[in-house]
Amino acid sequence: MTALHWATISPFLLAILIPFMYKYVRRIHTGWFVLILPLVLFIYFLSFLPVTANGDVVLRSVPWVPSLGISFDLYIDGLSLLFALLISGIGTLVVLYSIYYLSKHKEKLNNFYVYLLLFMGAMLGVVLSDNLIVLYVFWEITSISSALLISYWFHREKSTYGAQKSMYITVFGGLSMLGGFSLLYVMTGTFSVREIIANVDLVATSSLFLPAMILILLGAFTKSAQFPFHIWLPDAMEAPTPVSAYLHSATMVKAGIYLVARMTPIFGGAAEWFWIISLVGLTTLIWGSISAVRQKDLKSILAFSTVSQLGMIMSLLGVGSVAYYFNDGDNALYTTAILAAVFHLINHATFKGSLFMTAGIIDHETGTRDIRKLGGLMTLMPITATVSLIGLAAMAGLPPFNGFLSKELFFTAMVNVTEYGIFSVETWGIVLPVLAWIASIFTFLYCAILFFKTFTGKFQPEKLAVKHVHEAPIGMLISPIILGSLVVIFGLFPNILAYTLIEPAMAAILPGILEPGEQFYVNIYHWHGFKLELWMTIGVIAIGTIFFLTMKKWSKSAFYRSEQDIFNHVYDSGYNGLIKGSQVLTRAQMTGMLRDYFLYMCTFIVLLIGYTMFRYDAFAINTDNLSPIDPYMWIVAILLVISVVAVPFINNRITAIIVAGVAGFLVALMFTIFRAPDLALTQLLVETVSVILFMLVFYHLPELRKEKIKPSFKLINLIVSIAVGVMITLVSLSAFALGSETDFTSIAAYFIENSKVLAGGYNIVNVILVDFRGLDTMLEILVLGIAAIGVVSMIKLRLKGSEDV
Amino acid sequence: MEVLMSIVIGIIFTVSVYLFLSRSIIRVILGTLLLSHGVHLLLITMSELQRGAPPLLNLDADAYTDPLPQALVLTAIVIAFGVTSFLLVMAYRTYKEHKTDDLEELRGSADE
């Protein structure tokens, strides 16, 4: 275990302590204890910045399950460090914010912080693991802890619904991803990402390339809320706002982005990878931004905007994968998309984090998040309004904020696509920039709605539950102010990120593209001259403004009034159908009747044995080596058959017992004929006692009746029982015939030779039972003892009340 | 002899499975009783019948019957007795509590 390992699992360790701190130190808000950890982690991860900036990587390895090739390897390169900094950095701010957001008197803080720390540790594990199985384990922990956090207010029905939904969708994706990882293992023989990248030729030429890719993308798309799996994210907004700010904008939903970026060296360069990711990303972008316009709840607008922004980053990663096709790192034509993706990832975390926090402040101070009830808050909450304005302007892509820079880069990347001349972009490539541009108009529109409907217009105190609306306490404002300042700083001086974070991250997403010793050179600047991208931005602002000004006209339309996503209906009906279907299926087979269960068992015994014997051609009859049949044997056998067959037809209980007893004594007789005197003796004794026991019990039981069952049932019973009988006969004959053909020799000779020598007994069967296998016999006596206790207690025990046995 | 025994065993299995599938709890118990007979005979038959003397060394025979299956069957007989008596008492108690020996009436509700 190295320092890096301890750092990764430290949130889990702290999570163990939190309940005790909550219980014994009630005076101090539990959040203060938690706050230290992400801060320390953030500083710790900052210390790796010089390493990755030099193009170096850090690898720390601890074996876990070496026999399966699973090793707890942690790996820091530009990409994982970027995510680790986001997780710990935003984590610090969110914990600080939550201290003021969640009351220490009313909330179950121990639960909240345990879940949050679980999530933080899992997320660090996802981005730092080099081993795919370890990554998968952490991935699923993020799904579980996310569901726990969404259902934090578990008494609300919507919370548990949202938690369930996110869990089902992301775990479904996680399982597909595990399948994809296994396929990668089949192709390359390793779970290590680095080694897979080193053997990428094996993957590219394999016939499993496409299945593995699709399965892994399912995991990424469900986690990152890509169309059509985005439906869980708006419902996840039932979580407390700090959770939404942390998980559902900055970190967890970006795990899918991380996975796609991590897998780019493996799958990048393929036309399927390019088109699937680009189109799914752009569809998500446009679907999310249009849906966001229709929402009336602050957090719902932000949720759909997150969906659309994630789609944007995803599409950039798809477009950027062509760098592998051209294998040319020097040409900005191919690498701009990856640059834009990394840059926007950072920007989105800053402005979306601050926006969620301000939305939480508005909810906290006014008691509502409905934009129809809000308005005129600018004068009451000036700081919140300013921070929101900065965040929204960045999201809408306005200068001089960081969102403008990444939006311009996004346009550049999309326009570049039309010049690639591969993957049939010459016919379809134009779709990409057009979709991107349309989606940006809607992005501008919902940003405008969000700001102007909340902060300007008429203040409507009569619609609010809270009487005195005022600015939030300063502690709650610190985090959004810090994030808002970062929006401005990154907007004005983008190149402080270029060398430290963006270049190493690009090198990690696109390894092996550059010549050894070369590095990506990134220089982001505001003014490009009057190029197409600038005109696109101007067009977005102009058309977006027109839409906003004419809002009164189209806000009456059915489009604006229906908030529900149609994919929710698909999910709901699918979910209900699954439950109903499984109930029908279970009820159909689990009838509670012994007969049915026996029927299933017997049928499957016959089918399985029959198939196996047929498959391996094991039916055989050997008539050579039979022992002769004595005449009296015929009589015994026929008598036995008659007495056995008679039993089902007898309706008198005493007769039934006597006939069964006759069968038992005939079996004893057979044992004598078969030269087994001990068995005959035992059988005689047992049969006698059994008959007496039957007599005793049957005295209390009702008379046997003629069975009243349907003829069809009777026929099925008959067929199944005859099938079992025939099968047993065949097995018996075949086993006898083939038994002499095996290479195994009987071990009987050992007992015959040694029973006198070693155990001093002449009766070999007895010696086996009491000496050679003495322990077995002792345990058998134990079994009998247990049965005896059961018998006695069932006769004697009388339970009180209405309980039954 | 082995072929004859295989057929007899098959018939015993047929009857006991048929008894298993009936509605009366008593018939099910009779089924288990007969089934154990079938299994014991099957085990003995598999070891080749009537080759050599009974496995008693003081007979001084040239060859003895395989003693191992006999030891197995002896254990099985005793265990089968334990099972049968347990089932019998359980049937008795079930009848006392529920006033029926009909398995169809004894089954739980559909939602269980």
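Mentor: Before we start on distances, note that domain bounds here come from an automatic or database domain assignment. This is a predicted model, where local features need pLDDT of at least 70, side-chain atom pairs count only at pLDDT 80 or more, and totals for chains, interfaces and linings use all residues. Residues are numbered from 1 along each chain as its sequence is written, while chains are lettered from A and ligands numbered from 1 in the order in which they are written.

Trainee: Which domains does chain A have?

Mentor: Chain A splits into domain 1 (271-564), domain 2 (594-744) and domain 3 (747-805). Between the centres of domain 1 and domain 3 of chain A, taken over C-alpha atoms, there are 77 Å.

Trainee: How many residues does the contact take from chain A and from chain B?

Mentor: Two residues are in contact if their C-beta atoms, placed from the backbone, lie within 7 Å. Here the contact takes 87 residues from chain A and 76 residues from chain B. Helices are DSSP runs (H or I, at least four residues), numbered from the N terminus, and strands are runs of E, at least two. On the side of chain A that touches chain B, H32(A) gives the most, with 15 residues.

Trainee: What does UniProt say about chain B?

Mentor: The unreviewed UniProt entry annotates "transmembrane region" at residues 6-21, 28-47 and 67-89 of chain B. UniProt positions use the numbering used here, feature names are shortened, and annotations may be inferred rather than shown by experiment. Residues 6-21 of chain B are 94% helix and 0% strand, with end C-alpha atoms 23 Å apart. For residues 28-47 of chain B, the figures are 95% helix, 0% strand and 29 Å.
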